[in-house]
Amino acid sequence: MCDALEHTDACGSNRRRFLRTAGAAAALGLLGPGLFAPLARADALTKAQRDKMTPEQIIEAMKKGNERFRRGERHDRNYLREQKASAKGQYPAAVLLSCIDSRAPAEVIMDLGIGDIFNCRVAGNIENADILGSMEFACKVAGAKVVLVMGHTACGAIKGAIDNAELGNLTGLLGKIKPAVDATAYSGERTATNYGFVDAVAHTNVQMTVSNIRKHSAVLAEMETQGAITLSGAIYNLETGGIEFIK
Ligand SMILES: [Zn+2]
């Protein structure tokens, strides 16, 4: 993971060379699950592989996947094989809460595959009871070990909250972002046209959402206290393609 979330092309000389290296490393007791997983895992995470990973390894795998994305690289995956391998069961490593923005698809920007993560999406990546229920299922029932709230730069929902935009049901949604607008300390112009401010609010919004998840979900808060899961935040930069992980 983590190389464990990485789907590898399991043939050719690279594999044979890796097998020799892996064999030697295993004999020396050096192989952690994250290093060995790419060999054992052709198309989808197994329960055993996911269960061996720590939350830190899972976050590390997401970071590595995003680095590949930024370099214009991705694993040679076969979605049809992933679909077939995961059809009878799923063992995702994480549950994400991200914005609906069409430019921020988590699996693509982290180079992940089918079955790797649960993905909740709502404008402005705010939590509510239904999303918390989904996360509780993901972690407590299905075994995911990371809850990641991912906002992004130049977020339209954040701009709408700053501008007090009103439209049908959107008004209520933006109302859930407004506390982050008020809580953001910023010395410059506090407007939706100032991207510095918009991104500062997005940062605050992620932190407040992570905090709200702890506050409103006793199930997840207890799991975090026990060390079973990690709650974390991140900001995806639409310009650079990079993901900044924040606590
Ligand atoms: Zn957005």
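The legends below walk through several close-up views of one predicted model. Local features need pLDDT of at least 70 and side-chain atom pairs pLDDT 80 or more, while totals for chains, interfaces and linings use all residues. Residues are numbered from 1 along each chain as its sequence is written, and side-chain values use heavy atoms, with hydrogens and water left out.

**View 1. The whole chain.** Twelve helices and five strands make up the secondary structure here; helices (H or I, at least four residues) and strands (E, at least two) are DSSP runs, numbered from the N terminus. Of the 247 residues, 47% are buried, meaning under 20% relative accessible area with a 1.4 Å probe and protein chains only. The chain exposes about 11,900 Å², and carbon and sulfur atoms supply 54% of that area (Shrake-Rupley method, 1.4 Å probe). Among contacts (heavy atoms within 4.5 Å) with a separation of 6 or more, 73% come from residues 24 or more positions apart.

**View 2. The zinc site.** Cys 99 (SG), His 152 (NE2) and Cys 155 (SG) coordinate the zinc ion at 2.0 to 2.3 Å. Donors are N, O and S atoms within 2.8 Å of the metal (3.2 Å for Na, K and Ca), and water is not among the atoms, so sites may look incomplete. Along the chain, the donors follow the spacing C-x52-H-x2-C. Cys 99 sits in the loop between β1 (94-98) and α6 (106-109), and His 152 belongs to strand β3 (residues 146-152), so this pair ties together parts that are 53 residues apart in sequence. Both Cys 99 and His 152 are buried.

**View 3. The five-stranded sheet.** The strands form an open sheet in the order β2-β1-β3-β4-β5, with mixed pairing; two strands pair if DSSP finds at least two bridges between them. β2 (117-121) and β5 (243-246) stand at the edges with a single partner strand each, so one side of each has no neighbour in the sheet. From one strand to the next, the twist averages 25°. β1 and β2 run parallel and are joined by five bridges, and Leu 96 has Asn 119 in β2 as its bridge partner.

**View 4. The β4 and β5 hairpin.** Four bridges pair β4 with β5 in the antiparallel sense. Ala 234 stands opposite Phe 245 in β5. Six residues lie between the strands of this hairpin, where Gly 241 takes a positive phi near 80°.

**View 5. Helix α4 on the sheet.** Helix α4 (residues 55-70) lies across β1, β2, β3, β4 (230-236) and β5, and runs at about 15° to β4. Axes are lines fitted to C-alpha atoms, for helices over the stretch in contact, and angles run from 0 to 180 degrees between N-to-C directions.

How values were computed:
Buried < 20%, exposed > 50% of the residue type's maximum accessible area, 1.4 Å probe, protein only.
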